[in-house]
Amino acid sequence: MINVWATWCPPCIEEFPLLDACYRENSLNGWQVLGLAIDKPSAVVDFLARHPVRFPVAMAGLEGMALSKALGNDHGSLPFSVALGADGTVRNRKIGKVSSQDLTTAFRGPERRKIHRWDILCGSGISRRSPAFPDRTSR
């Protein structure tokens, strides 16, 4: 799961403990979270010092919004979360704060069904060879 967030975004901050708890409970099963911060590095470092999480957080800066849009966040809203399958395809994406029900349902298995506020893609997701994940071997 990729979670695009910022320190100045209240819903982003509210969902962080839930994402961290879900990561801790499911990381041994191969479930991963990557937080992409759309913010100034100093603000992120200060925030993480006060609110540590176990999942990795990367600095994306404003360029992170381009990736977010490539993954389906057409409006550039935060927070934005996208779940990728093991094959690199987009399984689920959500604009707005995730709930524990969202996380439980979205990551429980390969089924693709409509759930509250999740945009489910049935087979037409972004693959590793898409513009969002360019094929670096062909260069």
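Select cysteine 9 and cysteine 12 to begin: they form a disulfide, with their sulfur atoms 2.4 Å apart, where a disulfide is taken as a pair of cysteine sulfur atoms within 2.5 Å. By this rule the structure has one disulfide. The model is a predicted one, in which local features need pLDDT of at least 70 and side-chain atom pairs count only at pLDDT 80 or more, while totals for chains, interfaces and linings use all residues. Residues are numbered from 1 along each chain as its sequence is written, and side-chain values use heavy atoms, with hydrogens and water left out.

Stay with the cysteines and look along the S-S bond: the angle about this bond is 75°, and the link of cysteine 9 and cysteine 12 is right-handed. Cysteine 9 is buried, with a relative accessible area of 5%, and cysteine 12 counts as buried at 0%; here buried means under 20% relative accessible area, exposed over 50%, and partly exposed in between, computed with a 1.4 Å probe on protein chains only.

Now turn to the salt bridges, of which the structure holds three; the term stands for a side-chain nitrogen of Lys or Arg within 4 Å of a carboxyl oxygen of Asp or Glu. Select glutamate 14 and lysine 97, whose side chains meet in a salt bridge with an N to O distance of 2.9 Å. Glutamate 14 lies in helix α1 (residues 10–26) and lysine 97 in the loop between β5 (90–95) and α4 (100–106), so this pair ties together parts that are 83 residues apart in sequence. Helices (H or I, at least four residues) and strands (E, at least two) are DSSP runs, numbered from the N terminus. Lysine 97 is partly exposed, with a relative accessible area of 37%.

Within helix α1, select aspartate 20 and arginine 24, which lie four residues apart, about one turn of the helix. They form a salt bridge in which the closest N and O atoms are 3.3 Å apart. Aspartate 20 is buried, at a relative accessible area of 8%, whereas arginine 24 is partly exposed, at 41%.

For the remaining salt bridge, select lysine 94 and aspartate 102, whose side chains meet at 2.3 Å, N to O. Lysine 94 is buried, with a relative accessible area of 2%, and aspartate 102 is buried as well, with 3%.

Next, colour helix α3, residues 63–70, and highlight its buried residues, which are Gly64, Met65 and Ser68. They cover an arc of only 100° around the axis, which puts them on the same side of α3; the arc is that of the directions from the helix axis to the C-beta atoms. The buried residues of α3 pack against β1 (2–5) and β4, where contact means heavy atoms within 4.5 Å.

Just after α3, select glycine 72, which takes a positive phi of about 120°. Finish at proline 79, which has its place in the loop between α3 and β4 (80–84), and display the backbone there: the peptide bond from leucine 78 to proline 79 is cis, with omega near -10°.
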